[in-house]
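Open the model in your viewer and keep the selection tool ready.

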Amino acid sequence: MAESLSARNIVKHYGGVVALSDGNLDVHAHEVVALVGANGSGKSTMSKVINGVVVLDQGQLLLDGNPIQFASPQAAKNVGISTVFQELSVVPQMTVAENIWLTREPLNQFGMVDRKAVNARTEELLALFEGTFKTDLNPDSSVTSLPPDEKQIIEILKAISFDPWLIILDEATASLDSRQVQRLFELVTKWKENGKAIVFVSHRMEEIFRIADKFSVLRNGRTVGAGNIKDINEKQLIKLMIEKESVLGFLRGEAKSDAKVEKEVSLQAENLTTESLRGVSFKIHKGELVGIGGLRGQGQRHLLHSLFGDVPFSGTVKLFNKEIHFKHPREAMKNGFALVPGDRAKEGLLYIRSILDNLLLPSWRRYGLPLNVNNAKKDATQTGSTLNLKMAGLEEPVSSLSGGNAQKVVIGKWLMRDPQVLLLDDPTKGVDVGTKAEFYALLNRLSDEGKTILFYSSDDEELVGLCDRVFVVYDGMIRTELAGETLTKENLIAASLGVAQHERATP
Amino acid sequence: MKRSRWDALTARQPALFALILLVLSAVINFIVQPNMFARETLNSNMRVFLPIILMAIGQAIVILGGGIDISVGGIVSIVNTVLATRVGLEGSPDEMWKYIFVSLLIGLLAGAINGFFIAYLRLQPIITTYATSFLYAGLALFILPNPGGGIPASIAALYRDSTPLNLPLAFYVIAVFLLIWLYTSSMRYGRFLFAVGGKAEAAYETAVPVTMVQFSTYVISGLMAAFSGIAITMLSGSGNGEIGGPMTLNSITAVVIGGNAMSGGVGGVAGPVMGAITLGIIQNIISFANIDTWWETLVKATIIVVALAAPGIISIFRRRRS
Amino acid sequence: MKRISISPPVAALILAIVLFLLSGLLPNGYGSDLEVAKAQATNILRLAVFLGVIAAGQTLVIISGSEGIDLSTGSVVTLTAILTYVIVNGADEKVLLALLVSLAVGALIGFLNGVGITYLKVSPFVMTLGMAGVVTGAIILINHGNVSGKVAPIMTRLIARPLSPSLQIPNAVIIWILFGILMWLLLERTSFGKNLFALGVNRVTARLSGVDVTGMNLATYALAGALSGFGGFLVVGNTGVVFINLGQPFLFPSIAAVAVGGTLLSGGKGSYWGTMAGAIVLTLITSLLTTMQMPDSVRRMVLGGTLLILISIYGRQRALRQ
């Protein structure tokens with residue numbers, strides 16, 4: 001069993017994008033190192049370099065002081081490095097047991113897979129998380145039907161099934177509930193005692209301070225700080241993660257104007273049910289900035305997407321007291337709805353197309369036949385300057401933009417249509433701090449103009465500082481509604497974990 | 001209750017549906033042709049079906065791995081023209097066996113070429129094997145521009161008349177390949193295959209040798225296409241540069257009927273084998289149904305399209321019900 | 001390897017010019033005779049028109065992404081050519097009717113393709129391949145051996161002849177240029193075109209931006225079918241005769257032409273100008289081979305090999321390991 005792994009001055013490019021310019025990490029047996037950083041800081045790339053999935057461009061990896069290179073993920077596995085990923089690396093078509101033991105299936109004397117041994121050892125692994133499953137999880141369950149938290153547990157079991165000495169947990173707790181997180185941390189403590197090393201990649205402060213011994217902070221691809229957890233507090237850690245004085249100052253300083261919220265109910269839902277929503281009801285008023293909170297994957301996405309006509313639902317939805325039921329985003333658009341989706345690369349943008357084409361995509365119809373491209377350019381330029389979009393030109397591909405500016409294009413294509421209801425799914429994810437501030441100002445302005453805004457954020461500070469009200473979604477229902485005095489970070493986090501049992505948001 | 005059990009069953013055993021279809025079509029065929037199971041007729045049928053069955057086995061494995069092989073027809077044509085020209089009607093049985101060995105090498109090579117472009121250069125399977133299908137078909141025509149040549153009558157007779165233990169030779173051949181598949185699929189390689197076809201990125205991150213696995217599926221497909229070419233040459237006894245062309249679509253249809261997912265990762269080999277037999281039986285039924293010759297091509301082609309569309313139609317029904 | 005920043009259509013044109021110059025050096029080539037060279041160039045252009053029009057539909061479905069392709073093009077061309085032949089039967093006044101019927105039949109077949117691909121989730125390759133078989137079956141049914149018909153004089157005048165004796169540009173080329181402008185308008189100056197590219201780049205984004213993905217799919221394949229129908233109308237206007245394999249030789253080159261022209265086979269990027277240049281290149285290659293008196297088998301191998309080389313350069317997908 002190895003004793004230490006170090007990464008020194010790692011540089012990694014993806015095409016033209018620099019993911020890491022100076023990444024460093026030191027991990028030793030018997031300890032948990034928290035790898036901390038904002039979105040886009042290079043955390044994921046760092047863990048991929050260490051476990052051999054990605055080739056480093058420059059820099060060195062040292063195992064017990066000796067330089068080592070990984071030609072493939074298998075090479076890293078061979079020296080006992082294992083990773084639990086964010087994007088699940090399970091094969092949906094195979095069973096739990098097949099996924100866990102892939103490439104390491106116990107064989108019988110004929111070289112065939114030993115089914116009995118596979119089942120027995122899978123049961124052993126499943127027992128580690130016993131009592132935390134919602135479904136009847138057994139080795140032959142098909143993975144595709146499992147909820148996200150159980151898929152994540154399968155990932156974890158897969159990672160530890162070959163008794164590695166270094167375990168990288170890359171945002172592994174994102175889809176787990178509190179019981180499962182507790183059990184995982186119990187296991188982590190045991191692993192530590194047994195001489196394993198753990199890298200805990202996360203941005204959840206509470207968990208970091210609970211489980212980590214050391215920390216290492218990445219910011220914009222560079223390691224800017226490392227040390228013992230007991231020598232630092234949360235505020236200092238956050239300061240290391242972000243460049244400017246945090247936007248938190250901006251948020252807290254804003255005087256919330258209550259007068260802007262009108263009494264008219266603009267958007268209303270009753271018993272809205274989808275595959276992940278179990279009956280959601282709420283009333284939102286014109287000009288209100290309403291947030292949706294809660295851990296990711298509790299149904300928030302479905303809430304937004306069903307209102308937009310992208311996901312089928314049952315129940316009643318009313319817009320200004322007129323019943324609506326959109327079957328396709330087109331219908332939603334025609335009624336003044338807009339959706340900024342959660343994954344801009346996969347859902348919000350056409351990456352190889354020009355900025356112009358992206359901005360105009362929903363709106364070409366308005367420009368005649370044949371399309372009056374000059375008018376389109378004029379309108380696009382105007383929207384661009386309203387959003388302070390930094391680009392080389394409208395004809396440049398959207399891939400040339402930074403994360404924040406790309407997100408502006410996603411919002412811009414909707415602003416060009418002057419929507420009355422704006423739905424946003426984690427709009428500031430992967431956006432730099434300066435652009436975040438611009439977004440907050442924009443959202444405030446839009447709600448001042450009387451638009452109805454409903455957005456999900458995984459950032460509690462944002463919700464507390466920006467919203468008039470927050471619906472906390474847990475397990476497919478609105479558990480709690482926080483507003484005014486009850487809208488605090490503590491209440492938000494508590495409600496997100498489903499700890500406090502409040503009444504459902506009353507209509 | 002009943003419906004969800006049915007769904008669960010077909011999800012677990014995709015070949016179940018293929019089995020039902022096979023039995024159904026066999027029954028209909030039996031009605032139209034009562035002597036269907038007589039030794040002569042059975043042997044005659046299986047002889048005709050065998051080339052497609054062999055091709056379907058290879059196609060099934062490629063599709064399981066997440067790819068597809070459009071060039072199989074071309075490989076069959078090459079093998080056929082090589083045998084017909086190199087061995088010829090006057091050739092000796094020894095020469096025949098020698099060139100059978102050469103044919104297998106050709107299949108392996110053709111498959112390796114496909115595998116190289118797809119697995120190592122990471123080109124799209126459909127367009128790559130479409131391109132190589134033209135390459136291979138052209139080569140076959142180059143070797144034998146006009147139908148002609150042949151194989152020794154003794155070999156053709158061997159293929160035609162062999163019925164060990166009163167069962168068609170084809171049964172034994174199929175049984176051998178199924179046994180080989182049974183063993184292979186229980187090895188780690190089998191798990192690799194399903195993983196790569198199911199979700200290649202996940203397989204890669206789990207350190208499955210994705211490239212090797214993908215490469216191997218095309219080599220296997222090429223090899224099975226070569227076996228298929230040998231079988232069809234023994235069946236027809238002569239050479240024809242275009243003989244493999246129509247077989248490609250049939251092999252894909254057989255795999256679809258057999259319950260394998262076109263996207264990969266789901267299914268097996270037994271299902272496609274049954275699918276190939278079913279397809280053959282259906283074509284028998286049409287021949288017996290006394291349809292006007294002019295309509296025959298249209299009817300057969302329509303059945304193929306319906307078979308290809310069947311999984312989609314079924315899943316629409318499933319969704320409507322739930 | 002440094003990125004060459006010549007746009008693909010221009011690169012294709014340069015390739016065409018190089019090939020043409022090379023052809024002059026061949027034994028049967030024009031040597032240094034300018035008049036003959038001009039005549040040959042004009043002829044190549046004229047021949048390229050038909051491939052170019054037939055490849056227009058192919059361009060659309062390939063741009064639409066999701067492995068879009070239309071393998072039924074060849075048989076649709078044959079079918080509409082036969083229908084035109086029979087309907088016109090030598091009468092000028094029937095020409096318009098024949099054109100409309102060609103467009104309608106082509107659109108119908110394309111629409112059926114679209115239904116299978118969109119609703120029944122059959123992959124475009126397999127669906128259009130199956131449909132090609134059905135259309136061929138229909139052709140056999142109609143053809144019954146021989147059809148009687150004739151092309152109308154006005155068609156020959158409009159398609160096969162030049163504009164005027166002094167200006168030796170064939171009418172067909174002028175039609176093609178107008179067609180090209182219309183295609184450009186369609187792709188770059190209509191919301192259909194913008195939506196088509198969006199579809200090819202990212203279906204999810206397109207849908208979430210209000211594009212009716214289903215409708216676009218159906219419309220694209222129907223339009224592609226109609227354009228193939230138009231191609232069949234033109235082809236019979238040029239040749240004046242029909243036979244069962246009239247359209248088939250255009251199929252593979254239509255795909256190759258699109259690829260040569262720089263339209264990504266994965267979708268989302270491309271232009272019809274590129275396809276036009278590609279059609280010229282492909283026609284040149286074919287005519288070169290004919291001049292060198294190469295048999296059809298060699299032509300096939302060259303085409304297959306060319307496409308293979310093309311996709312090796314342009315079509316490589318993301319590596320597993322980055």
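**Stop 1: one residue**

Select A338(A). A338(A) counts as buried because 27 C-beta neighbours lie inside 10 Å. The cut-offs are these: a residue is buried if 20 or more other C-beta atoms lie within 10 Å of its own, exposed if 12 or fewer, and partly exposed in between, with C-beta atoms placed from the backbone.

This is a predicted model, in which local features need pLDDT of at least 70 and side-chain atom pairs count only at pLDDT 80 or more, while totals for chains, interfaces and linings use all residues. Residues are numbered from 1 along each chain as its sequence is written, and chains are lettered from A and ligands numbered from 1 in the order in which they are written.

Now show what surrounds A338(A). Leaving out residues up to four places away in sequence, A338(A) touches W414(A), R417(A), P419(A), L422(A) and L423(A). Contact here means that the C-beta atoms of two residues, placed from the backbone, lie within 7 Å.

**Stop 2**

A338(A) sits in strand 16 of chain A. Strands (E, at least two residues) and helices (H or I, at least four) are DSSP runs, numbered from the N terminus.

Colour the open sheet of 6 strands in chain A; the order is 16-17-18-13-19-20, with mixed pairing. Two strands pair if DSSP finds at least two bridges between them. Which strands are at the edge? They are strand 16 (337–340) and strand 20 (477–483) of chain A, each pairing on one side only. On average, neighbouring strands of this sheet are turned by 20 degrees against each other, direction ignored.

Zoom in on strand 19 (residues 469–474) of chain A. Strand 19 of chain A is mostly covered, with 5 of its 6 residues buried. Look at its two partners:

- Strand 13 of chain A runs parallel to strand 19 of chain A, joined by 4 bridges. Here G293(A) stands opposite V472(A).
- Strand 20 of chain A pairs with strand 19 of chain A in the antiparallel sense over 6 bridges. V472(A) faces T480(A) on this side, and R469(A) has A483(A) as its bridge partner.

Strands 19 and 20 of chain A form a hairpin with 2 residues between them. Pick D475(A) in the turn: its phi is positive, about 55 degrees.

Next, show helix 10 (residues 300–307) of chain A. This helix lies across strand 13 (289–293), strand 16, strand 17 (421–425), strand 18 (452–456) and strand 19 of chain A. Helix 10 runs at about 150 degrees to strand 17 of chain A. Axes are lines fitted to C-alpha atoms, for helices over the stretch in contact, and angles run from 0 to 180 degrees between N-to-C directions.

**Stop 3: another hairpin in chain A**

Select strand 1 (residues 4–14) and strand 4 (residues 58–63) of chain A, which run antiparallel with 5 bridges. V11(A) stands opposite Q58(A). Strand 4 of chain A also joins strand 5 (residues 66–67) of chain A, antiparallel, by 2 bridges. L63(A) has N66(A) as its bridge partner there. In this hairpin, with 2 residues between the strands, D64(A) takes a positive phi near 50 degrees.

**Stop 4: where the chains meet**

Show chains A and B together. Here 19 residues of chain A are in contact with 17 residues of chain B. Helix 2 (residues 73–78) of chain A gives the most to chain A's side, with 3 residues. That side has 10 nonpolar, 6 polar and 3 charged residues. Ala, Val, Leu, Ile, Met, Phe, Trp, Tyr, Cys and Pro count as nonpolar, Asp, Glu, Lys and Arg as charged, and the others, Gly among them, as polar.

Switch to chains B and C. There, 36 residues of chain B are in contact with 41 residues of chain C. What supplies the largest share of chain B's side? Helix 14 of chain B does, with 13 residues. The side of chain B that touches chain C divides into 28 nonpolar, 7 polar and 1 charged.

**Stop 5: two helices of chain C**

Finish with helix 2 (residues 34–63) and helix 11 (residues 248–260) of chain C, which pack at an angle of about 60 degrees with their axes 8 Å apart.
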